[in-house]
Amino acid sequence: MIGTTGVKKDENMDQINFRQKQKDMKHPENQNEEKMIRDIFFAQLSDMIFIMKVEPGSKFRYVFVNEKGLEHANLCHEDIGKLLEEALPKDRARHLVHYYNQVNNSKETVVFTDEIEIKNGDKRIFESRLTGIKDADDKITYIVAVTRDVTSAICEKKQLIESKQIYKSLIVHNLDAIISVNENGRILNANPASLELFGYNEQDLMDRSIYDFVDKDGVAEIYRLMKNTLVGEPQETNDCTFITDKNKKINAQLKTVPIIVDEKIVGIYVIVRDQTEKWESNEKINFMTLHDHLTGLWNRRALMEHLQCEIVKSKKQNREFALLYIDIDRFKYFNDTLGHQAGDVLLKQTAERLKNIKVVNYRVYRLGGDEFVILLREHEKREVNRISKNILALFNIPFNINDQDYYITPSIGISLFPADGQDSETLIKNADSALLQVKEKGKGHFRFYRTDMNNAFPNYILMEAHLRKAIEMNEFVMHYQPQVNLKTGKIKTFEALLRWQNRKFGDVPPSQFIPLAEETGLIIPIGEWVIQSVCAQLGEWRKKGHRDIRVAVNISPKQFLQINLPDIIHEALLLNNLPSSALEIEITEGAMEDTSAALSMLHRLKELGIIISVDDFGTGYSSLNYLKRFPIDILKIDQSFVREIQVNEKDAAITKTIIHLAHNLGMEVIAEGVEEKDQVQFLVSADCQKAQGYYFSRPVCAEEIEQKVLYG
């Protein structure tokens with residue numbers, strides 16, 4: 001009873017207090033305040049407000065809901081005063097009762113979020129904050145729930161988290177080294193790629209200067225980049241060198257980006273990309289572009305670049321330089337005989353010797369094949385002459401290839417700047433012209449360019465173009481030089497000599513076009529034309545009654561090795577009704593270097609009955625062995641011996657020896673280049689059978705031979 005009375009007394013007191021409050025609220029001033037408060041709660045606040053009365057049995061009754069709350073919970077004004085379970089669907093009510101009970105039991109504020117689908121179908125995220133209101137006995141009698149739409153805040157927070165994660169992933173997982181530094185270049189942070197690149201752990205890098213890891217030659221450039229970055233300008237360089245913990249150099253691409261916080265630059269991101277492998281690859285490509293892959297020397301492209309630069313410098317400083325064009329004598333024969341591998345070894349050894357000549361300011365180039373060029377900078381002609389002799393001396397030492405010593409000689413053509421040309425092309429062309437002269441004059445020495453070397457043709461490219469059409473344009477003619485019998489004075493044999501009368505450049509010396517014909521392979525069709533032309537002329541002379549005449553035709557080493565040569569000769573003889581004795585074949589000692597091939601060809605020619613003579617005997621690679629083995633009929637003494645037989649005892653002795661040797665071997669001897677009476681007398685006394693030269697007659701056309709010799 002006491003308890004009941006007590007309870008009633010409390011309820012009566014609450015009612016009295018509530019009525020008193022209502023009376024107070026009816027006062028005009030209080031009514032205005034109430035209206036303002038209700039207006040704020042019901043209309044102005046964007047938050048949803050729910051005031052729930054806590055009743056026994058974990059029941060919660062709506063006592064106040066503002067307009068936003070009514071709309072959010074899909075309630076109406078009539079639902080105020082109802083229990084939560086009465087106003088809301090069961091699932092929703094059960095969900096909310098769970099959180100209200102947490103507040104009631106824990107007496108702590110509870111916050112939770114819900115994702116709710118609103119009327120237009122969109123899903124929004126709402127955060128609810130439930131706070132208990134306690135009475136004097138510390139018992140929660142009311143719970144105030146404030147719910148607000150936090151969709152935007154949640155999304156922004158989520159985006160911020162994702163951005164941070166993306167940023168972190170970008171930095172942490174980046175393959176490039178990314179280092180953050182302060183305004184003074186002190187390292188604040190470094191990603192894992194930085195640690196791997198530089199070889200340090202994170203503690204070793206922290207608070208150290210970025211300049212500690214830059215090659216000393218590049219510090220000034222990096223400082224400039226950093227300075228520009230601090231004023232808001234990102235920088236980049238592709239030429240930066242860093243040093244690792246093991247003192248290894250890294251060629252890197254460097255980018256610097258300002259770190260901006262609240263519109264203020266607080267540091268710099270230094271992004272380092274290792275370009276060492278790419279740089280080394282580019283260096284290798286550049287090396288290969290400008291160097292010969294076999295010898296490692298500079299190549300033709302490098303020569304043209306360097307030569308152009310040297311011309312500009314030399315013009316400014318009024319100084320001279322020289323270009324040495326070098327060719328290895330008999331390289332093709334060496335290469336064909338011993339094989340390309342041995343040829344490559346020879347080229348490499350030659351390159352090594354040329355790289356080590358004792359002279360300053362020079363560069364060595366390989367243009368291809370066996371052609372080398374030396375650029376001698378700041379050297380005058382007298383010095384170039386001395387250096388050229390030293391280069392020749394380098395080849396006095398044999399080349400050891402596959403444990404066998406080989407003696408090789410070079411030929412050198414030289415052009416000087418500015419005397420022999422003031423541009424790259426002219427200097428190279430003129431050095432090459434000088435080289436060709438060396439080749440024609442016995443090889444194994446050097447010559448300086450002279451202006452008369454290119455009188456007939458301005459260049460060999462143009463000469464080749466004209467030479468290819470010479471037969472078609474009927475520009476070749478045959479001249480014949482008599483060979484006089486020194487005992488009887490009679491002339492029954494001649495040497496046929498080819499002449500080229502070019503329609504544009506006039507008479508071209510054989511010394512110019514024959515080497516080119518050899519080099520280009522045109523000597524084969526030209527040689528065939530010569531055989532046919534000579535045989536046709538012999539046929540004409542025989543028809544006129546001159547049946548005991550023989551003509552010697554020069555056969556080049558290249559043509560001599562043609563398998564069908566005997567067939568071509570035999571066909572020409574048959575076509576003109578000539579006996580084989582009417583034709584003589586002249587070969588040089590160089591044509592017999594390949595002894596097996598030469599022996600086979602000579603036997604085939606002898607089977608036809610052809611006379612064989614050896615031209616320029618004693619000037620090449622003479623061997624007594626081939627005189628014994630080869631079916632040779634005639635030896636021709638070179639004019640270099642005949643020229644000085646009156647004044648040079650050695651030349652006289654050699655000439656006599658050749659004549660005596662030939663007689664003992666059953667061979668005829670013909671002396672070439674006879675120009676003086678004293679020479680004739682010497683040859684007669686030495687028992688030389690025949691002689692030819694300007695003393696008797698220069699080479700003349702067939703018509704003149706007929707007039708002055710055959711009918712003279």
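Colleague: Is aspartate 548 buried, partly exposed or exposed?

Modeller: This is a predicted model, in which local features need pLDDT of at least 70 and side-chain atom pairs count only at pLDDT 80 or more, while totals for chains, interfaces and linings use all residues. Residues are numbered from 1 along each chain as its sequence is written, and side-chain values use heavy atoms, with hydrogens and water left out. Buried means under 20% relative accessible area, exposed means over 50%, and partly exposed lies in between (1.4 Å probe, protein chains only). Aspartate 548 has a relative accessibility of 47%, so the term that applies is partly exposed.

Colleague: Which residue forms a salt bridge with aspartate 548?

Modeller: A salt bridge is a side-chain nitrogen of Lys or Arg within 4 Å of a carboxyl oxygen of Asp or Glu. For aspartate 548 the N to O distance is 2.9 Å, and the residue that supplies the nitrogen is lysine 492.

Colleague: How many residues apart in sequence are the parts that this pair ties together?

Modeller: Helices (H or I, at least four residues) and strands (E, at least two) are DSSP runs, numbered from the N terminus. Aspartate 548 lies in the loop between α18 (523-543) and β21 (550-554), and lysine 492 in strand β19 (residues 491-502). The pair therefore ties together parts whose separation in sequence is 56 residues.

Colleague: Is arginine 319 buried or exposed?

Modeller: Arginine 319 forms a salt bridge with glutamate 378, the closest N and O atoms being 3.2 Å apart. Glutamate 378 has a relative accessible area of 45% and is partly exposed. Arginine 319 has a relative accessibility of 17%, so arginine 319 counts as buried.

Colleague: Where does lysine 249, the salt-bridge partner of aspartate 215, lie?

Modeller: The side chains of aspartate 215 and lysine 249 meet at 3.6 Å, N to O. The pair links distant parts of the chain, 34 residues apart. Aspartate 215 is in the loop between α8 (202-205) and α9 (219-229), whereas lysine 249 is in strand β9 (residues 249-261).
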